[in-house]
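Dear colleague,

Please read them with the model open beside you.

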Amino acid sequence: MNFQLDEEQKDIIRAAREFAEGEFPNYADDADKNETFPRALWKKGCELGFVGVFFNETYSGAGLGFFEHALIMEEFWRVDPGCGQAVLGALFGSQMIHLFGTDAQKKKCLTPVARGEAIMGSAITEPDAGSDVASVATRAELRGNVYTLNGNKMFISNGSIADYLTVLCVTHPDAENRHHRHSVLIVETDREGYEANKLKGKLGIRASDTAEVSFSNVKVPDDHIVGKPGRGFYHFMEFFNHTRAHICAQGVGVAQGAFEKAVKHVRARVQFGKYLGQFQSIQFKLAEMATRIEAARTLYWRAAWNIDHGIEDHKLVAMAKWFAGETGVYVTNEAIQIHGGYGYLGEYGVERLYRDAKIVEIYEGTKEIEKLIVARNILGKM
Ligand SMILES: Cc1cc2nc3c(=O)[nH]c(=O)nc-3n(C[C@H](O)[C@H](O)[C@H](O)COP(=O)(O)OP(=O)(O)OC[C@H]3O[C@@H](n4cnc5c(N)ncnc54)[C@H](O)[C@@H]3O)c2cc1C
């Protein structure tokens, strides 16, 4: 692997940074305080081509890779994770269509998402099925060529603002192997029987919508199945293998943002007649923060590069995901410590980064689940 970014990738980073630094501060405080989705910001991000860069040009993407998408993610999360998630999270679920969808499904879903005409989501988690994805119980029964969908989903990003969701549901309840019971359905949220209830009071990424949703006899045509019927569990494992590489970039981005604020602070703050940056204990803190960020970045670059080169390595992605999450939490915590009381007050923006960072250790597989994946890859089935 070449560890040098090419000119196009550097331009992408510059453009993403410029957009985030120029626009996010106009929305971030209000969205965080009032837990509102910054719709105008999301539209601008789409107009500038940041959403769906990995989609083929036929579907209004840029035909770039998952790596480039991750680079944009890192820059957005460096400035404000909530705003970053509001803009790029609007395509969550499109990776499933990108990977397994038909041409018609790609035209229907990917093109409007890239153009800022539609928002997507992905509904896997249920009140009784979190880390144990195979226990998802939402049921889709096929009669003729129409599925009837019933069930409840929990913590669904964009649940109350999305135009359509990719939904993991049981279609083959009698399959002996519980991993063969599920399929993925595209569900438009304007179908009768769909309801969403926005969840309020989140610790962080409050600009990003999260909802509990329910399906009551929602009718969906059978051409809305994505990929192979009965393979939904495996399709989602493959999906996560891609999307987790982007979550890593979130952990690195939020850590980088907090680190830069810490560096600025130790150059300016004087105590005991010296700049904080002159104390060795503070220097050690910065060295450790910077090293962890570089290690996490290198891991996710490799993971994303593998994906773009068709190399499937679930172990590496899982390592990168838990390490990036922990790095985000560690570095934002240290950044607050370095700011002292001013960091705790939120005056310097590190308080919000600290709150935002935690989600990376939870969604799309908790860090414990990532470690289980790593261990299983090392030990095999015991
Ligand atoms: C803001 C937000 C957005 C989200 N967005 C989405 C979304 O868009 N779509 C979606 O489907 N879901 C979404 N989720 C759900 C998220 O993916 C789940 O919260 C996560 O997978 C964990 O599931 P759980 O909350 O039910 O926790 P649980 O599975 O109950 O886990 C609780 C704790 O037990 C640990 N644990 C569980 N099993 C094991 C085990 N075998 N060994 C060791 N430890 C274990 C976990 O690591 C965790 O620490 C979102 C969640 C949040 C908070």
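Helix α12, residues 350–357, is mostly covered, with six of its eight residues buried; helices here are DSSP runs of H or I of at least four residues and strands are runs of E of at least two, numbered from the N terminus. A residue is called buried if 20 or more other C-beta atoms lie within 10 Å of its own, exposed if 12 or fewer do, and partly exposed in between, the C-beta atoms being placed from the backbone. Please keep in mind that this is a predicted model, in which local features need pLDDT of at least 70 and side-chain atom pairs count only at pLDDT 80 or more, while totals for chains, interfaces and linings use all residues. Residues are numbered from 1 along each chain as its sequence is written.

The buried residues of α12 are V350, R352, L353, Y354, D356 and A357, and they pack against α2 (28–34), α5 (81–88), α8 (232–268), α10 (314–339) and α11 (341–345), where contact requires C-beta atoms, placed from the backbone, within 7 Å of each other. E351, which is also found in α12, is partly exposed, with 18 other C-beta atoms within 10 Å. Leaving aside neighbours within four places in sequence, E351 is in contact with I336, G343, Y344, L345 and G346; of these, I336 is 15 residues away in sequence and 6.8 Å away in space, C-alpha to C-alpha.

In the loop between α11 and α12 is Y348, which is buried, with 20 other C-beta atoms within 10 Å. Beyond four places in sequence, Y348 is in contact with K261, H265, H339, Y342 and G343, and its C-alpha atom is separated by 9.5 Å from that of A262, 86 residues apart along the chain.

Turning to the whole chain, there are 13 helices and 10 strands. The radius of gyration, taken over C-alpha atoms, is 21 Å, close to the 21 Å that the globule rule (2.2 Å times the number of residues to the power 0.38) gives for 382 residues, so the chain is as compact as a globular protein of that length. The C-alpha trace spans about 80 × 50 × 40 Å along its principal axes, and 52% of the 382 residues count as buried. Among contacts between residues at least 6 apart in sequence, 74% join residues at least 24 apart.

The chain is divided into domain 1 (7–115), domain 2 (120–229) and domain 3 (233–379), with bounds that come from an automatic or database domain assignment. The C-alpha centres of domain 2 and domain 3 lie 30 Å apart, and 13 residues of domain 2 are in contact with 10 residues of domain 3. On the side of domain 2 that touches domain 3, eight residues are nonpolar, five are polar and none is charged; here Ala, Val, Leu, Ile, Met, Phe, Trp, Tyr, Cys and Pro count as nonpolar, Asp, Glu, Lys and Arg as charged, and the others, Gly among them, as polar.

The ligand is surrounded by 21 residues, the closest being G130, S131, S157, T366 and E368, on the criterion that the C-beta atom, placed from the backbone, lies within 6 Å of the molecule. By class, the shell has 10 nonpolar, eight polar and three charged residues, and β1 (120–123), β3 (146–157) and α13 (367–379) each supply at least two of its residues.

In β1, M120 and S122 point one way and G121 and A123 the other, and all are buried. Four bridges join β1 to the parallel strand β4, residues 164–170, with M120 opposite Y164; strands pair if DSSP finds at least two bridges between them. Strand β2 (residues 139–143) runs antiparallel to β3 and is joined to it by five bridges, with E141 opposite T148. These two strands form a hairpin with two residues between them, and G144 in the turn has a positive phi of about 65°.

F155, in strand β3, has a positive phi near 60° and counts as partly exposed, with 19 C-beta neighbours inside 10 Å. I205, in the loop between β6 (194–198) and β7 (210–221), has a positive phi near 30° and is buried, with 31 other C-beta atoms within 10 Å.

With best regards

How values were computed: Two residues are in contact if their C-beta atoms, placed from the backbone, lie within 7 Å.
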